[in-house]
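The following report describes a protein fold for a reader who works with coordinates. Please keep the sequence and the model open while reading.

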Amino acid sequence: MRKRRIAAFAAVLALLCSGCISAFATAFYDVPDDFWAAPYITSLESRGIVSGYGDGTFLPNANVQRCEYAKMLVNASGLPLSTARTSPYADLNVNEWYLPYINAVTAQMPGYQSTTPGDTRIYFKPEDPATREDVTVALMRVLNYDLSEYYPISDALLSDVFYDYESIPKQDRPYVAEAVKRGYITGTQQGTFEGSDPITRCEVCAVLCRAFPESGTAYVEPQDNMPDEIASGLSDLRVYFINVGQGDSEFIILPDGKTMLIDAGTADHGDEVCAFINGLGYSGIDYVLATHPHADHIGGMREVLDGFAVGTFYMPDALNTTKTFENMLAKLLEKQINTVRTEAGMIIAQGAYTIEFLTPLNTYDDINNSSVVTRIAYGSNVFLFMGDAEKEVENDLLRAVGGDKLKADVLKVGHHGSSSSSTPQFLSAVRPAYAVISVGAGNEYGHPTEKTLNNLASAGAAVLRTDTDGTVGFGSNGNGIYRLN
Ligand SMILES: [Zn+2]
């Protein structure tokens with residue numbers, strides 16, 4: 001009697017505690033709030049998909065056993081538990097907790113044929129570490145991913161991304177290709193997939209959270225301190241339109257942790273651009289692009305080049321006679337920064353995501369039209385950055401690049417919402433869900449114009465403006481866009 005009361009009391013206490021703990025970022029002693037996978041772990045834990053250990057730890061960096069993964073996968077997908085009291089595998093204890101979970105995923109997570117001659121039994125090896133391949137293939141099978149259309153092209157997809165794609169068994173490649181394409185999992189920083197490597201508990205949480213997001217779009221809080229050395233598990237793409245008054249500056253955190261800066265605002269906003277990037281925990285920027293040599297785009301570059309280790313600097317074949325432009329060139333020389341002149345069709349990164357410069361397609365008189373138009377694609381999501389390109393460039397893009405490639409989820413509206421950009425024809429090709437106008441309050445140019453705002457509204461875009469919304473951020477898991485901040 002007494003024992004039962006204690007058990008009931010413990011259950012109530014556990015309920016109370018799980019309620020109060022969920023108010024904090026993480027429920028585990030060994031998962032700091034600022035750990036890169038904390039949002040994933042917290043999300044899955046709050047939904048009952050994963051749990052920690054009795055001592056309040058989660059052991060995020062421990063390997064996942066195959067039986068543990070079977071349970072996580074069943075919990076995440078809602079696959080019905082098996083009530084069978086027997087097992088098709090020779091090495092399972094039918095009295096163990098794992099039986100209903102492993103029996104639930106026999107079709108998706110097969111066991112191993114014995115290699116001993118004469119032994120026809122099949123083994124599950126429940127305590128073996130789950131490999132990256134195990135996790136990916138079983139996940140995609142649970143998602144009822146249809147292989148048939150992918151067999152011919154998965155090799156081509158994978159060979160672009162992973163040096164070691166041939167070590168992935170041929171029948172598994174379509175699953176891996178699709179999972180990578182959807183952003184559920186990625187390879188290592190070295191460009192390999194390492195399919196036979198074990199996967200850790202926190203990595204599995206990232207994979208499952210991406211594949212089974214919480215209802216609503218913002219399923220996971222953005223983490224701004226994800227270290228570069230995270231070997232596997234892509235983070236979401238994050239794009240920030242920094243409020244630099246009348247000017248442009250966009251900071252992009254790519255799914256593999258690399259970073260890109262497009263423009264840096266005027267000189268008097270350079271310190272804010274630097275502070276914003278520093279605030280996200282970055283001291284270097286892999287790719288910096290100056291879209292065109294106007295002060296409201298390159299003014300802050302000198303401070304950026306002074307403040308950050310820059311991988312490669314990109315600029316168009318366009319000159320300006322201003323001091324601002326000369327200062328930037330002098331700083332590039334002084335710091336000996338690798339500087340590349342952009343060309344139309346130049347792809348500077350390709351793999352799980354693609355960064356491509358779409359212009360120049362012509363020669364133009366107006367410096368605004370020398371703007372490098374940048375397309376960043378991640379999974380099925382596209383961001384299009386127009387710089388100050390005007391309708392001449394828009395028309396050339398429609399003609400030379402084509403509407404399909406211009407379709408974007410988020411459009412950085414050309415030339416601060418000036419009426420010289422954003423024609424209805426162009427917008428009907430881009431069909432942006434979100435249109436961001438980088439603009440200063442009460443600017444002397446009358447940006448953005450009524451005409452542009454009307455065109456954007458007619459195109460069905462939700463308009464965000466840095467003068468009224470401040471810095472605007474978006475996240476993408478390759479499969480959907482959500483607002484940050
Ligand atoms: Zn401008």
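The buried residues of helix α13 pack against α14 (403–406) and α15, where packing rests on contacts, that is, on pairs of residues whose C-beta atoms, placed from the backbone, lie within 7 Å. The model is a predicted one, in which local features need pLDDT of at least 70 and side-chain atom pairs count only at pLDDT 80 or more, while totals for chains, interfaces and linings use all residues. Residues are numbered from 1 along each chain as its sequence is written. Helices (H or I, at least four residues) and strands (E, at least two) are DSSP runs, numbered from the N terminus.

Helix α13 covers residues 391–400, and its buried residues are Val-393, Glu-394, Asp-396 and Leu-397. A residue is called buried if 20 or more other C-beta atoms lie within 10 Å of its own, exposed if 12 or fewer, and partly exposed in between, with the C-beta atoms placed from the backbone. Seen down the axis of α13, these buried residues fall within an arc of 165°, so they line one face of the helix; the arc is that of the directions from the helix axis to the C-beta atoms. An α-helix has 3.6 residues a turn, so residues three or four places apart point the same way. After α13 comes Gly-402, with a positive phi near 95°.

In α16, the buried residues are Thr-452, Asn-455 and Leu-456. Viewed down the axis of α16, they fall within an arc of 95°, so they line one face of this helix as well. The face turned away from the buried side of α16 carries the exposed residues Glu-450 and Ser-458, whereas the buried residues pack against α15, β14 and β15. Helix α16 is followed by Gly-460, whose phi is positive, near 85°.

**The sheet and the hairpin**

An open sheet is formed by 7 strands in the order β9-β10-β11-β12-β13-β14-β15, with mixed pairing; two strands pair if DSSP finds at least two bridges between them. At its edges are β9 (346–350) and β15 (462–465), each of which pairs on one side only. From one strand to the next, the twist averages 15°. Within this order, strand β11 (residues 374–378) runs antiparallel to strand β12 (residues 381–385) and is joined to it by 5 bridges, and Thr-374 stands opposite Phe-385 in β12.

Strands β16 (residues 472–476) and β17 (residues 481–484) are also antiparallel, joined by 4 bridges. Gly-475 has Tyr-482 in β17 as its bridge partner. The two strands, β16 and β17, form a hairpin with 4 residues between them, and Gly-478 in the turn has a positive phi of about 90°.

**Backbone features in the loops**

Most residues other than glycine have a negative phi, and most peptide bonds are trans.

Pro-360 has its place in the loop between β10 (353–357) and β11, and Pro-448 lies in the loop between β14 (434–437) and α16 (450–458). His-416 is found in the loop between β13 (410–412) and α15 (424–430), and it counts as buried because it has 25 C-beta neighbours inside 10 Å. Arg-431, in the loop between α15 and β14, is partly exposed, with 15 other C-beta atoms within 10 Å.

**A helix pair and the whole chain**

Helix α5 (residues 132–142) and helix α7 (residues 173–181) pack at an angle of about 85°, with their axes 9 Å apart. Axes are lines fitted to C-alpha atoms, for helices over the stretch in contact, and angles run from 0 to 180 degrees between N-to-C directions. The helices α5 and α7 are therefore roughly perpendicular to each other, given that angles under 35 degrees count as roughly parallel, over 145 as roughly antiparallel, 65 to 115 as roughly perpendicular and the rest as oblique. Thr-136, Val-137, Leu-139 and Met-140 in α5 meet Tyr-175, Val-176, Glu-178 and Ala-179 in α7.

Taken as a whole, the protein has 17 helices and 17 strands, and 48% of its 485 residues count as buried. Residues 24 or more positions apart account for 71% of the contacts with a separation of 6 or more.

Conventions: Contact = placed C-beta atoms within 7 Å.
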